[in-house]
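Biologist: I'd like to learn how to read helix packing and a nonpolar core. Could you walk me through it?

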Amino acid sequence: QIFQPLHTLRAAEKELLPGFHPFEWQPALKAVSSSWDVGILDGLSGWMSSVEDVPADTIARRFRYDVALVSALKDLEEDLMEGLREQGLDDSSVTGFNVTIKESCDGMGDVSEKHGGGPALPEKAVRFSFTIMSVSAQVEPEDDEPASSPVVIFHEMKPNSELSCKPLCLMFVDESDHETLTAILGPVVAERDAMKESRLILSLGGLPRSFRFHFRGTGYDEKMVREMEGLEASGSTYICTLCDSTRAEASHNMVLHTITRSHQENLERYELWRTNPFAESADELRDRVKGVSAKAFMETQPTLDALHCDIGNATEFYKIFQDEIGEMHARHGNSPPPGREERRRWRAALDKQLRKKLKLKPVMRMNGNYARRLMTAEAVEVVCELVPSEDRRQLLRELVGLYLQMKPVWRSTWPARECPDQLCRYSFNSQRFAELLSTAFKYRYDGKITNYLHKTLAHVPEIVERDGSIGAWASEGNESGNKLFRRFRKMNARQSK
């Protein structure tokens, strides 16, 4: 080192500074500055200053996307070099790397300060973050050999930890405020689109290397997917973000659906919606575009969010348990529906039983932890104690039993490795499950079904076949990061009593 000329030393020192790594794009990114020593940006940079009197400077903060990716890759530098060595790859024969990125975005409810004086503003925030899921190396073939397939040199082992989930943009916006959300994420989308067309040249392990990025937006809950992809809100008759099924169709044919929706198609359908080339009535037009009535703003991967699937289905089972305690199945079409008081009694009985036997405190809104504890074999036994008839108890046990067989397939990070038997039996189990719903539980599923239950029954095997996993691509890492965000704001979520 000592005998190196000064300017190389200076370059080396610069490389060691945290967060500043010289890099370049080939070709240069469209509409993105080529400087690499960029810190935290104002989330509205790239937009003209606003005319309104709202101080726009506090609304969002973000990193430039490429700078954040470079920083994340540099954090992995040792792991990547180790991966190359483990695969026995020679440094010089590796021409380039492919990097797969999971993107997550989630709204956070009330994040106002809990202890300050002054008016209680309904502050909401949205966080956008990314995770490097895997990196593979492209090996240059010998003269006479055919091109070889890429070799994976890095796999994120904990894709749902907040440690692997790098925040890219924090905004004080309500996720339902579509205009503001799209205005702030606009530059992020533009940078992401530019990076798809280009490759990054970055020094790693002392040699310049090239990287191509593949972005997959899978860490979104259903609400966010519908917003980003221009679909109607989740109460729509078009129940699914993956296929064109309506709620009524989905409840009659519960299992046989394939994934048809895509970002490209949503854009095309929006054009149809906007121009109405066949001069159809509103209903006909809506049926033609299958509920796409806004412009798809950001490309998401049609998948199922494992965490919210858990929560949505547990909510549904919680309601089934109440209905079974109240013997809803025994009511005939002409008997009056149960009143609010009656339903409240069933619910109180259920909550009391769960608290007494499982120490499971009632929650205002179903959350992940409650869902995981409610959907267990022991919880069902506890609920069965309140169900009067033995026949119904058996049916309930079978229904939950099937669900527990199916659940690991969309929860686990590597289903083919972690639960191969359940994966093989999934279609069979989901068919039996659907059969139970449409016969024994017909009182609840005649002509209707919840969004996540439809996805659980109809789409899981296809997604696993395509991506190898559902759990790994879920939004959990981002959700755990929300927790940290609250900590840093010295602000605690309201705990349930």
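This is a predicted model: local features need pLDDT of at least 70, side-chain atom pairs count only at pLDDT 80 or more; totals for chains, interfaces and linings use all residues.

Biologist: At roughly what angle do the axes of α9 and α13 cross?

Modeller: In general, two packed helices are described by the angle between their axes and the distance between the axes. Here the axes of α9 and α13 cross at roughly 175° and come within 12 Å. Angles over 145 degrees count as roughly antiparallel, so that is how α9 and α13 run relative to each other.

Biologist: Which residues make the contact?

Modeller: From α9, they include Phe317, Ile320 and Phe321; from α13, Leu396, Leu399 and Tyr403 are among them. By class, the contact of α9 with α13 has eleven nonpolar, five charged and one polar residues.

Biologist: And the core: how many residues does the largest nonpolar one have?

Modeller: The general idea is that in soluble globular proteins, nonpolar side chains tend to be buried together. In this model the largest nonpolar core has 60 residues, and Phe317, Leu354, Leu374, Phe433 and Leu437 are those with the most contacts inside it. Elements giving two or more residues to this core include α9, α10, α13 and α15. α9 gives the most, with ten residues. Domain 2 (228-289) and domain 3 (306-476) each supply at least three residues to this core.

Biologist: What is Leu437 in contact with, leaving aside its neighbours within four places in sequence?

Modeller: Leu437 touches Met254, Leu399, Lys442, Tyr445, Leu453 and Leu457. Apart from this core lies another, of 58 residues, including Leu69, Phe130, Ala137 and Tyr220.

Conventions
Residues are numbered from 1 along each chain as its sequence is written. Side-chain values use heavy atoms; hydrogens and water are left out. A nonpolar core is a set of buried Ala, Val, Leu, Ile, Met, Phe, Trp, Tyr and Cys residues joined through side-chain atoms within 4.5 Å. Buried means under 20% relative accessible area, exposed over 50%, partly exposed in between (1.4 Å probe, protein chains only). Helices (H or I, at least four residues) and strands (E, at least two) are DSSP runs, numbered from the N terminus. Domain bounds come from an automatic or database domain assignment. Contact means heavy atoms within 4.5 Å. Axes are lines fitted to C-alpha atoms, for helices over the stretch in contact, and angles run from 0 to 180 degrees between N-to-C directions. Angles under 35 degrees count as roughly parallel, over 145 as roughly antiparallel, 65 to 115 as roughly perpendicular and the rest as oblique. Ala, Val, Leu, Ile, Met, Phe, Trp, Tyr, Cys and Pro count as nonpolar, Asp, Glu, Lys and Arg as charged, and the others, Gly among them, as polar.
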